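Reader: Could you walk me through this one? I'm new to it and would like to start with the overall picture before any details.
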Amino acid sequence: MVAEEIRVRGIVQGVGFRPTVYRLAKICGLGGDVCNDGGGVLIRVSGSEEAITEFVTKLQTECPPLAKINQLIRTPYTGELNADNFVISSSVNSAIKTEIAPDAATCKECQKEIFDPFSRFYRYSFTNCTHCGPRLSIIHAIPYDRCNTSMSAFVMCSECAKEYHDVENRRFHAQPVACHTCGASAWLERADGKAVTASMFSMLDDVDAVCTLLQRGEIVAIKGLGGFHLACDATQEAVVEKLRYRKRRYHKPFALMARDIEVIERYCTVNAKEKELLKSPAAPIVLLDKKALERDAGKNVSQNFQIAISVAPGQNRLGFMLPYTPLHHLILRRMNRPIILTSGNISDEPQCVDNHEAKEKLGTIADYFLFHNRDIINRVDDSVVRVVGDKVQTIRRARGYAPAAISLPPGFENVPPILAMGSELKNTFCLLRGKEAILSQHLGDLENGAAFNGYQKALNLYFNLFEHKPEVIAIDKHPEYLSSKIGKEIADKNQIKISSIQHHHAHITACMVENNIPLDSPPVLGIALDGLGYGEDGNLWGGEFLLADYRKFQRLATFQPVAMIGGEQAIYQPWRNTYAQLMSANLWNECEEKYADLEIIKFLKNKPIKLLNQLIEKRINSPPASSVGRLFDAVAAAIGIYRDECSYEGQAAIAMEALINVHNLNNDKEILIYPFEFSFLDSIYCIDPRPMWQGLLDDLQQQIPQAVIAAKFHKSLADVIVEMVKRLCQKNVIHQVVLTGGVFQNCVLLELVSQALEMLGIKVLTHSLVPANDGGLSLGQAVITAAQLIG
């Protein structure tokens with residue numbers, strides 16, 4: 001007989017891990033015990049060496065569906081153990097080293113119960129078990145026990161307590177377990193304060209009544225898992241337009257929810273990987289290609305309801321998700337068409353999470369409210385993903401994924417605790433500890449006051465949850481980022497070292513981490529294309545070719561810097577970028593003579609040209625930027641896409657991409673390209689779009705269709721990027737290329753560049769676990785800081 005102590009770290013609390021340990025220990029004939037503590041799960045076993053080895057093997061192969069073992073350490077145990085029995089012991093408070101499981105979509109067993117009239121969970125909106133339900137959204141401390149969640153307000157009834165303590169039951173130690181008798185409840189209220197009576201609907205209950213309200217064209221604010229949503233029938237154009245007007249979200253696409261895959265497939269093509277994502281425990285919003293008939297706004301889709309045009313204007317994709325809580329399943333039971341389920345907020349603000357806050361902020365948007373009384377501790381937005389080729393690309397990492405740890409590559413063992421503050425937009429922050437990174441859920445744009453306050457609250461919560469005391473704080477080099485300013489304040493207050501990290505270097509290293517590139521690997525060529533980031537030279541960068549490892553980088557090439565006329569205004573008024581590009585290319589005089597009849601030139605001539613020229617010449621709120629994001633805006637405006645104004649960053653570029661038929665682009669050998677020039681800027685290569693503009697203006701003059709020009713631009717840009725890589729490979733040893741930055745969320749560009757580089761025998765690294773946009777920036781900041789400390 002031997003005895004061992006087995007330490008298991010990872011996602012091992014609140015996911016049915018201890019019952020699995022108990023069951024397997026019994027099967028293997030072992031004695032001992034298992035408990036939760038701050039380090040994860042601690043197992044002590046007594047038995048034959050063969051039996052213990054068999055037990056460990058089974059534990060790794062029969063792990064519960066939501067669990068993830070990151071580390072399993074076996075050491076001899078010299079204490080006393082009951083060799084004849086195996087028990088589950090109470091949790092132990094100790095130093096926090098374990099992880100918090102992400103919120104998980106309703107499992108199949110719970111779905112069956114809520115629709116089974118003979119189950120005590122029939123139509124119970126908060127049914128869950130160890131395989132599903134709330135986690136991050138309800139926790140305020142570790143260990144993940146009921147007393148440390150918002151479920152502490154609900155005392156379990158005898159039936160729930162019996163299941164909770166029954167090790168053979170799938171609800172054993174499921175912390176949010178509850179039922180109609182003892183748990184949270186949902187109720188319906190009118191926004192105008194008038195009473196809601198059962199006779200109004202004659203429905204089963206208030207949750208069922210929501211379905212009828214949606215079918216009647218009402219807008220309902222629904223308190224969900226990680227915040228409020230605004231819902232309406234996605235097939236009623238007038239209702240969708242009303243929601244846009246009230247919410248002040250005039251163009252940005254709305255997310256959709258459908259009862260099942262069959263409903264989704266009426267409107268979109270769904271491949272096997274996309275189905276897997278939709279049905280996964282994370283249950284994200286998945287961006288799907290519209291079916292051909294659905295793209296034709298003038299036709300019905302068979303006998304089904306057609307989705308309103310204003311759900312996703314200028315898009316060829318729809319963002320769909322499946323119900324991920326019992327509440328959503330019950331609402332959609334009778335709904336044979338999609339609903340909009342968008343964040344419950346006024347445009348650009350974070351989701352409401354509190355009932356009183358929702359009444360105050362959403363009272364002029366929603367007609368009805370579906371409230372419940374289980375408090376949301378942590379705001380968690382819906383995650384957004386899509387499939388590019390055969391690989392998942394994360395657009396927004398939140399519910400279902402955060403805060404699952406990301407394992408660091410070889411060489412990053414036992415790094416000191418680090419806090420990385422992230423960016424100004426699409427913010428996340430990152431805690432580095434040991435050999436893992438904890439990336440927060442998506443927190444939004446910090447320029448919004450409510451989002452900024454939410455960011456600070458989330459920081460404090462994560463500090464407490466993980467007992468994180470950073471020794472170094474990593475920030476972006478941009479001096480005006482609010483995240484950087486908070487980082488400096490925390491550093492000053494606690495006498496902590498600060499580390500300023502270049503924006504695009506952080507983008508590249510974040511991609512390296514998720515591709516498990518070891519610390520001391522040779523440099524990669526990182527191509528970082530985005531809106532803008534603060535450069536080493538004090539200028540704004542956004543089209544960069546960097547030879548980079550985790551510690552340092554060298555800027556090898558860039559795009560021609562062009563003025564952002566009016567600063568931030570250039571992001572939301574694309575025509576400013578068109579004019580700046582034409583001026584940078586010294587083409588304006590030629591435009592007035594040769595291209596005077598073009599719509600874009602007529603449009604620009606009605607602008608205050610003299611003032612614009614002064615702003616450019618004197619650099620008055622018009623900083624030069626090598627931004628490929630702004631180049632996309634400039635081209636889109638030139639061909640007549642959201643020329644005057646956009647309501648969100650990248651809107652024109654996204655609409656331009658949507659015009660392209662990817663199949664035709666890949667197979668049409670007749671599509672010519674626009675030329676770019678190669679020059680030098682401060683001794684590095686520079687890509688100059690001047691000749692591209694001449695070709696594009698000629699096409700406009702010949703009345704070439706928008707879609708063809710859009711396709712030519714994408715193909716031309718991909719070709720010039722690949723040509724630049726070829727040139728850089730002649731002077732540098734390059735075996736791997738990283739594609740990163742928000743511009744590479746453009747599927748057409750990503751696939752064109754990836755395929756061309758791979759044909760050259762170059763390995764291409766892209767994002768999957770974290771966003772290519774600024775949502776992944778904090779991970780890069782953290783690992784660069786760690787690498788520099790390791791030396």
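Author: The protein holds 26 helices and 30 strands, where helices (H or I, at least four residues) and strands (E, at least two) are DSSP runs numbered from the N terminus. With a radius of gyration of 28 Å, close to the 28 Å that the globule rule gives for 791 residues, the protein is as compact as a globular protein of that length. That radius is taken over C-alpha atoms, and the globule rule is 2.2 Å times the number of residues to the power 0.38.

Reader: Where does the model come from, and how are residues numbered?
Author: This is a predicted model, in which local features need pLDDT of at least 70 and side-chain atom pairs count only at pLDDT 80 or more, while totals for chains, interfaces and linings use all residues. Residues are numbered from 1 along each chain as its sequence is written, and side-chain values use heavy atoms, with hydrogens and water left out.

Reader: What box do the C-alpha atoms fill, and what share of the residues is buried?
Author: Taken along the principal axes, the box is roughly 90 × 70 × 50 Å. Buried residues account for 60% of the 791, with buried meaning under 20% relative accessible area, exposed over 50% and partly exposed in between (1.4 Å probe, protein chains only).

Reader: Now His-329: which helix is it in, and is it buried or exposed?
Author: His-329 belongs to helix H10, which spans residues 326–332, and His-329 is buried, because its relative accessible area is 10%.

Reader: And what does His-329 touch?
Author: Leaving out residues up to four places away in sequence, His-329 touches Thr-106, Gln-111, Ile-114, Phe-115 and Pro-323, a contact being heavy atoms within 4.5 Å.

Reader: Switching to strands, which ones pair with S19?
Author: Strand S16 (residues 406–407) pairs with S19 in the antiparallel sense over two bridges, and strand S18 (residues 430–434) pairs with S19, also antiparallel, over four bridges. Two strands count as paired if DSSP finds at least two bridges between them.

Reader: Which residues of S19 are the bridge partners of Ser-407 and Leu-431?
Author: Ser-407 has Glu-436 as its bridge partner, whereas Leu-431 has Ile-438. A hairpin through one residue joins S18 to S19.

Reader: Which way do the S19 residues point?
Author: In S19 (residues 436–439), Glu-436 and Ile-438 point one way, Ala-437 and Leu-439 point the other way, and all are buried.
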